[in-house]
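Q: Can we go through this model together? I'd like to start with a pocket and then move on to the rings and the backbone.

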Amino acid sequence: MTKVMNWLYEKECTFFRLINGRMHRSSMDRFFQMWTHLGGATATISTAVLLLFLLPEHLKSWGIICMFSLIISHIPVAISKKMYPRKRPYLSLPDTNIGNNPLKDHSFPSGHTTAIFSIVTPLIILNPFIGMFLLFAALLVAISRMYLGLHYPSDVLAGMILGISSSFFSLFLVKAFMLPYLY
């Protein structure tokens, strides 16, 4: 089992170095440093609140789903960061490119990736055409987390899974328990 885990970690580090090292260009630094904030607390909470209040009445439930999804998604993130105290890549891998003000808390899972996927997944379901653009934006946030040296690929993948799962769970909750009372 240890041999398999070491092999997986080696492959993960290779992929991380591809994005953080070989793909790294000073011309892209500013882009990813700005883009990564779309998955941060300020942007995702603001987006969820705006959707809740600005969507037309017949789409109000989708704003509620986004809000619930964002809230629900961060329960397993907080638990996982305590249970699996994984060091961030820039602390473990030499020659990692890092952005400004690197984070000091644990790496697994990526909270930014979780947050952005918890917001965009319901919107992808609501409108697949616009959803493709939102999916692209969410993937850029995920890539930015590795590009900036803050997360391993498995941190980002776990964040995607948590964000998407919380969206479907929120969709189920709202449709089952709240939808009849919204109109």
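Q: Which residues line the second largest pocket?
A: The lining consists of Leu38, Ala43, Thr44, Thr47, Ile116, Ile119, Val120, Leu123, Leu134, Ala137 and Ala138. A pocket here is an open set of points on a 1 Å grid over the protein atoms alone, where a 1.4 Å probe fits, with protein on both sides within 12 Å along at least five of seven lines; lining residues have an atom within 4 Å of a point. This is a predicted model, where local features need pLDDT of at least 70, side-chain atom pairs count only at pLDDT 80 or more, and totals for chains, interfaces and linings use all residues. Residues are numbered from 1 along each chain as its sequence is written, and side-chain values use heavy atoms, with hydrogens and water left out.

Q: Which element gives the most to that lining?
A: α6 does, with 4 residues. Helices are DSSP runs (H or I, at least four residues), numbered from the N terminus.

Q: How many of the lining residues are nonpolar, polar or charged?
A: There are 9 nonpolar, 2 polar and no charged residues. Nonpolar covers Ala, Val, Leu, Ile, Met, Phe, Trp, Tyr, Cys and Pro; charged covers Asp, Glu, Lys and Arg; the others, Gly among them, are polar.

Q: OK, rings now. How many aromatic pairs are there?
A: The structure has 7. Rings of Phe, Tyr and Trp (its six-membered ring) pair if their centres lie within 6.5 Å; planes under 30 degrees apart are stacked, over 60 edge-to-face, and the rest tilted.

Q: Why is the pair of tyrosine 9 and tyrosine 152 put in its class?
A: The planes are at 55 degrees, with ring centres 5.9 Å apart, so this pair is tilted. Tyrosine 9 is in helix α1 (residues 2-22) and tyrosine 152 in the loop between α7 and α8 (153-182), 143 residues apart.

Q: Are those two tyrosines buried or exposed?
A: Tyrosine 9 is partly exposed at 34% relative accessibility, whereas tyrosine 152 is buried at 2%. Buried means under 20% relative accessible area, exposed over 50%, and partly exposed in between (1.4 Å probe, protein chains only).

Q: What about phenylalanine 31 and tryptophan 35?
A: Their ring centres are 5.4 Å apart and the planes at 25 degrees, so they are stacked. Both sit in helix α2 (residues 26-35), 4 residues apart, about one turn of the helix.

Q: Backbone next. Where is the cis peptide bond?
A: Between phenylalanine 108 and proline 109, with omega about -10 degrees.

Terms used:
Helix = DSSP H or I, 4+ residues; strand = E, 2+ residues; numbered from the N terminus.
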